[in-house]
Amino acid sequence: MDSDGTREARGTHAEPVPRPAQPPEMPSLPPRPAAAPPVPPLPDGSAFLSWLRTPRPEAAPGVWRFGHKPRPDEEPELVPGRQLAAGALIAFLVGWLIWSLLWNGYLGGWWLLPLYAMIPDSWAEPHSFAAVVVVYAYYAIVALVILVGVGRLGRWGELWRRYGPPAWRRSTAPENQRPPALEEDPAEFPALRAAGASDAADRLATEARQGLMRDVDHARITRAWQGVHSGRHSLATFTGAVLREGSAACPHPSGARDLPGRQARHDLLTGQVRLGTTADDPRNPYAYRGTGLALGPELLGTSLLAVGPAGSGKTGTLVRPLAESLCLHALTGRAAVVVVGAAGAGLGPAEAYDVVVRIGNPESMYDLDLYGGNTDPDEAAAILAEALVGDLADPHPGSDSRRSTTVLAQLLGPYRAVHGRFPSVPELRALLDGAPGPLAELRAGLVEAGQESLLRELDARERQMAHPGDVSGVLADRIALLDRPAFAGFFDTSGQSRPFSLKALDHPVRVRIDLPARGHADASRILARLVLAQFTASVAVREDRSLFACLILDDATGVVTPESVRGIQRLRSANAGAVLTLRTLDDVPRPLRGPLLGATGCRIALSGLTPWDGQDFAEVWGKEWTEARDVTDRQIIAETPAGKAVHMLRRVITGKAPTARAVTVRQVERERWSASELAHAVPPGHAVLSLTNVKGEHAPPLLVDLRG
């Protein structure tokens with residue numbers, strides 16, 4: 001912390017660099033006035049050490065790796081318990097019968113011939129101790145051979161493993177893991193020791209054992225160590241920072257070392273957040289049944305779409321855990337997150353974010369930059385046109401969105417050339433309405449500045465306003481939704497407010513934007529489209545893409561447009577992703593539903609889905625080859641009097657006619673999940689989801705209990 005009580009705003013990672021006298025500020029994001037209070041120590045470091053040393057084996061996409069025990073791909077054919085116990089008992093009785101027949105001589109004395117051939121005649125004397133020992137040893141060998149044979153026949157070993165003490169120990173006794181060796185113990189930071197930073201490793205290991213280190217501290221220091229490996233920092237600078245501050249080294253710009261509270265289970269070593277448990281259902285692959293289901297940046301990098309009606313758990317079981325996880329990643333210097341939702345939607349406390357933009361709330365400390373921090377009029381016009389009329393654009397070339405971009409560029413360029421800034425909302429509305437006063441003033445400023453090319457742009461704009469098909473009227477009507485008394489103090493361009501710009505996504509920042517959904521639904525949709533357009537444009541031009549950037553839209557109603565779908569498709573290559581939730585796919589234009597489902601790698605259908613929404617998911621998930629069994633019962637007709645009597649007796653006893661069963665097995669192609677199953681077979685609190693990571697590995701549609 002500097003003498004003035006602020007921390008420097010760092011780059012895309014937690015940098016262990018010396019603090020300058022004038023800390024650099026993130027674009028449009030002033031540093032917070034004070035650092036967070038220190039995190040109190042744990043009673044001991046046993047919990048942290050246990051978490052750090054727990055194995056995390058490689059697993060399929062979406063599997064919760066913390067303590068995961070891999071399962072085979074195919075379900076083993078297990079004998080039913082009743083059949084197994086009956087078979088073991090019958091095998092024992094058979095062995096007992098064989099031994100009894102041999103012992104009592106009913107099978108002859110042939111089994112004693114080897115004994116007579118091996119012992120001398122002198123040992124057969126009465127009361128010979130050697131003879132008694134040898135004979136009973138032979139009896140024991142024969143009994144043991146019989147016991148082994150019937151034991152294999154009766155599967156006694158499987159019965160012992162399933163119901164004997166081994167099963168009791170697995171279910172009751174915890175596994176006693178031996179502490180790893182020093183060079184393999186992650187709590188001893190072997191990578192630092194191997195690089196020659198033993199003093200720093202000793203300091204960190206001591207604080208880990210004393211309970212002064214958290215999972216966020218470990219992940220943040222690991223991130224800084226990766227910067228040393230990549231050459232962004234020197235080893236001496238990193239070691240000096242660790243020796244001075246210990247586990248508090250390389251801090252986040254806010255100074256926070258954890259969130260105010262956590263509702264979900266997080267594993268920052270793998271970057272996962274647990275959402276639920278995969279149901280033990282025949283429709284799920286055997287390797288996934290009963291495993292934890294988790295998401296991380298490697299999955300969110302392909303973007304996520306969740307569809308479910310109100311009350312299905314989109315916000316509580318999906319959006320809130322993901323926002324919490326990404327905020328933790330931001331504290332470790334790995335991610336930047338922007339969460340957009342209605343005010344009071346339960347997206348986490350304000351203390352969990354660095355910037356909270358409450359649009360329409362006079363108490364908001366931050367404003368939203370209407371132009372996304374752009375200085376180029378054409379880029380600003382494209383983003384603003386997408387926000388204002390993107391939902392009106394037909395998904396074909398030459399639509400209103402392209403013409404609207406031209407109209408806005410014809411006004412924004414001249415205005416910036418004259419005033420050195422872009423127009424505010426009332427000023428832009430007046431220009432779009434064609435008010436003579438603002439246009440004349442703008443023309444005079446261009447003439448005075450000698451901007452001939454921009455003057456021609458303004459002339460073209462004035463000529464087009466006279467045409468009946470001009471789109472400036474539509475743009476003026478849409479911008480009027482933002483020119484309301486509730487938004488009078490927002491979208492300021494004069495520099496008197498603290499506007500937040502998505503250009504700050506080059507830094508590990510945590511942002512929450514509250515939309516005024518109540519009473520201003522249309523304005524909220526415009527602002528949501530504006531944030532999405534600014535996000536897709538900003539992440540594509542980042543110089544350092546090692547920082548994962550994610551946008552979470554709690555309600556994407558009216559946000560999906562042809563341009564936004566194309567922008568989502570480009571996020572994967574920019575190390576970014578978007579999370580969108582919808583109540584129904586009817587909120588998306590029919591021509592865009594297929595492209596939207598194709599652009600997102602992770603798709604979630606929650607319980608309560610309508611059949612027509614389920615049909616879209618069923619089509620995108622496709623079909624698979626499965627084994628179908630056709631069972632046919634054919635009545636048996638007796639031809640002899642004895643057979644007829646037996647059949648009559650069987651009918652009297654069972655009440656059914658004697659039949660012969662024929663089973664036909666064939667391979668058929670069926671939908672993985674049909675529209676009817678998605679609409680009626682998904683229990684409350686469950687969801688069907690498919691996952692794809694940035695490497696192209698994918699998980700099939702899985703039924704998941706989001707409450708587990």
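By salt bridge I mean a side-chain nitrogen of Lys or Arg within 4 Å of a carboxyl oxygen of Asp or Glu. Asp 281 counts as buried at 15% relative accessibility, whereas Arg 283, at 32%, counts as partly exposed. For these words, buried means under 20% relative accessible area, exposed means over 50%, and partly exposed lies in between, with a 1.4 Å probe and protein chains only.

Before I go on, a word on the model. This is a predicted model, in which local features need pLDDT of at least 70 and side-chain atom pairs count only at pLDDT 80 or more, while totals for chains, interfaces and linings use all residues. Residues are numbered from 1 along each chain as its sequence is written, and side-chain values use heavy atoms, with hydrogens and water left out.

Now the overall picture. Of the 708 residues of the protein, 47% count as buried, and the secondary structure comes to 24 helices and 16 strands. Helices (H or I, at least four residues) and strands (E, at least two) are DSSP runs, numbered from the N terminus. The protein exposes about 34,700 Å², of which carbon and sulfur atoms supply 56%; accessible areas come from the Shrake-Rupley method with a 1.4 Å probe, and for residues only the protein chains shown count as cover. If we take contacts between residues at least 6 apart in sequence, 75% of them join residues at least 24 apart, where contact means heavy atoms within 4.5 Å.

Let me return to the charged side chains. How many salt bridges does the count come to? The count is 32 salt bridges, and I will pick out a few of them.

In one of them, the side chains of Asp 391 and Arg 529 meet at 3.5 Å, N to O. Asp 391 lies in the loop between helix H13 (377-389) and helix H14 (400-419), and Arg 529 lies in helix H19 (residues 521-539), so this pair ties together parts that are 138 residues apart in sequence. Is Arg 529 buried or exposed? At 2% relative accessibility, Arg 529 counts as buried, while Asp 391 is partly exposed at 33%.

Another salt bridge joins Asp 483 and Arg 429, with the closest N and O atoms 3.1 Å apart. Here Asp 483 sits in the loop between helix H18 (472-480) and strand E8 (499-500), and Arg 429 sits in helix H15 (residues 425-433), so the pair ties together parts that are 54 residues apart in sequence. Asp 483 is partly exposed, with a relative accessible area of 22%, and Arg 429 is partly exposed too, with 30%. There is also a network of salt bridges, which links Glu 188, Arg 193, Asp 202 and Arg 209.

Next, the aromatic rings. Rings of Phe, Tyr and Trp (its six-membered ring) pair if their centres lie within 6.5 Å, and planes under 30 degrees apart count as stacked, over 60 as edge-to-face and the rest as tilted. By this rule the count comes to 15 aromatic pairs. Why is the pair of Phe 92 and Trp 96 called tilted? The ring centres of Phe 92 and Trp 96 are 6.0 Å apart and the planes stand at 45°, so the pair is tilted. Phe 92 and Trp 96 are 4 residues apart in helix H2 (residues 81-103), and are therefore separated by about one helical turn. Phe 92 is partly exposed at 40% relative accessibility, and Trp 96 is exposed, with 53%.

In a second pair, Trp 103 and Tyr 139 have ring centres 5.1 Å apart and planes at 75°, so the pair is edge-to-face. Trp 103 lies in helix H2 and Tyr 139 in helix H4 (residues 129-153), so the pair ties together parts that are 36 residues apart in sequence. Trp 103 is partly exposed at 47%, whereas Tyr 139 is buried at 18%. Both belong to one aromatic cluster, formed by Trp 99, Trp 103, Trp 111, Tyr 136, Tyr 138 and Tyr 139.

Finally, charges and rings also meet: the charged end of Arg 71 sits over the ring of Tyr 286, 4.1 Å from its centre. Sitting over a ring requires NZ of Lys or CZ of Arg to be within 6 Å of the ring centre and within 35 degrees of the ring normal.
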